[in-house]
Amino acid sequence: MNRPIKTLYVVLFGLLLLPVSLLAMGNLTGYRMPGDPSVLDGGLAKSVERHYDEHFPLKQVGINLWAAVEYLLFGEGRSGLVIGEDGWLYSDEEFAPVADAQRQMQDNLALIRGVQQRLEQHDVHLLLAIVPAKTRLYPEHTGRHHPSALQRSLYPHFHRAVRDAGIAAPDLLGPLQAGKGKAPMFLRTDTHWTPDGAEVTARALSEVVRSAVPLRGEPQEFITETVETRAHRGDLTSFLPLAPLFENLLPSADSLQQRETRAAQASSDDLFADSDLPVVLVGTSYSANPSWNFAGALRQHLQRDLANHAEEGGGPLVPMLKYLQSEEFENDPPQLVIWEFPERYLPMSSDFTDFDPQWLAALKGAGDQQGLAAANR
C-alpha cells in the first residue's frame, strides 16, 4: 500500500470516527464527578471510563450487529443458548457434558436421601417431581444439536437411584408426552413449561397423592381461570441480544395463557383461624414463578391449600435446605412435601455458602449411609 492510499485510508477512518467521537464527547456532559475524586490512584479515570463505556453511542449498535452476524451466519447466540429449528430455543445445560458429573451426582443424590431421612424424622412424606428436560420432551426441534450421553441418561438414572432409596418419584414424562398432542407443554423461547404443562404435571402428582397419602382436613374446591392471553418473550431470548435494531430477527414470541387459581368459597373464619396446610411445595422457578401457575394447579387437583417455598435462581437443593432449617418446618411440619426437581440439576453444583458445612456434611452423611444400605439389600 503506497503513501497516498495510506493517507486516504487514515483520512477516511478519521472522518468516520469524528462524528462518533463528538457524540461520545457529548455524552460526557451527563457525567457526575464523585464527591471525593481520587486522581492519584486512578479512581477518577476509572469513573470516567465506566461512564463512557455505559454511554458509548455505538455500543448497542455493535452488540446488535455482532449478534445478528452470529445468528444469521452461524445459527448461534451467546454462550448458554442452543438454537433449534422452527423458532425453538434451548438451554445448553440440557446438551453439554458436565465436569466431574459422576461425583456431583453422587453428592446430590446423597443430599436428596438425607433430606428424605430428615423429613421422615418428622413423619413427613416426600414426593419427588422430577421434571423432564425440554430436549427430552421436544427432541424433534433440536435440529443438528444432540444432548451428550450424560444428558440422555439423566432421567432414567435419576429415577432408578431414587427408587432404590425408597423415594416416591412418579414418571412425569409419560403424561407430558401424552399432553403435548393437545397443547404445548413447554414454551418455545423459554426454559420453562407452559401453564398446560404445569397443569398436566399437577394432575399426575395429585393422582399419586390420593392413592398413597390421605391428606388431613376437608377437601376444598379451587377454581382456575385464564385472566389474560399475552405475548411472552422467553428467558432464552436474552441470549440473542438483537433488540432494538434487529428485533424482527428474534423468534416469534410465545402465546401465554396467564392463569390464576382461587378458593371457590372463602370462610369468614379464615382470617382468625390458624391455617393447617398439609402440603408444602419446594422447588425452582417452575414452581415459584406465577406465570406457570403450578402451585395453583396443585391446589385445584389436591383440593388442599399449600405453602409454596420454591425460589427462582438457586436450583432445587438450596430452597429445600432453607426449608429444612426454617421455624415453620420445625414447629409445624406438613404431611407431604412435593419437591419439584428439574432433571438437569442432578449433575450440577449448587451454592451452599449460606449453610453450615457441618450440618450439610451430616445431612449428606446420613444420605450416604442410606444409599449404602440400599445397595446392600
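## Basis of the model

The model is a predicted one, in which local features need pLDDT of at least 70 and side-chain atom pairs count only at pLDDT 80 or more, while totals for chains, interfaces and linings use all residues. Residues are numbered from 1 along each chain as its sequence is written, and side-chain values use heavy atoms, with hydrogens and water left out.

## Nonpolar cores

In soluble globular proteins, nonpolar side chains tend to be buried together. A nonpolar core is here a set of buried Ala, Val, Leu, Ile, Met, Phe, Trp, Tyr and Cys residues joined through side-chain atoms within 4.5 Å, where buried means under 20% relative accessible area, exposed over 50% and partly exposed in between (1.4 Å probe, protein chains only). The largest such core has 77 residues, and those with the most contacts inside it are Ile112, Leu128, Phe158, Leu298, Val337, Ile338 and Trp339. Helix H4, spanning residues 101-121, gives the most to this core, with seven residues; helices (H or I, at least four residues) and strands (E, at least two) are DSSP runs, numbered from the N terminus.

When neighbours within four places in sequence are left aside, Val337 is in contact (heavy atoms within 4.5 Å) with residues including Leu119, Val124, Leu126, Val280, Met320 and Tyr323. A second, separate core of eight residues includes Tyr71, Leu81, Leu242 and Leu250.

## Salt bridges

The structure holds 15 salt bridges, each defined as a side-chain nitrogen of Lys or Arg within 4 Å of a carboxyl oxygen of Asp or Glu. In one of them, the side chains of Asp107 and Arg103 meet at 2.6 Å, N to O; these two residues are four apart in helix H4 and are therefore separated by about one helical turn. Asp107 counts as buried, at 19% relative accessibility, whereas Arg103, at 41%, counts as partly exposed. Asp107 and Arg103 are also linked with Asp100 and Lys364 in a network of salt bridges.

Helix H8 takes part in two further pairs. Asp196 meets Arg259 at 2.8 Å, N to O, and this pair links distant parts of the chain, with Asp196 in helix H8 (residues 195-212) and Arg259 in strand E5 (residues 254-263), 63 residues apart. Asp196 is partly exposed at 24% relative accessibility, while Arg259 is buried at 14%. Glu199 forms a salt bridge with Arg203, the closest N and O atoms being 2.8 Å apart, and both residues lie in helix H8, about one turn from each other. Glu199 counts as buried at 17% relative accessibility, and Arg203 as partly exposed at 34%.
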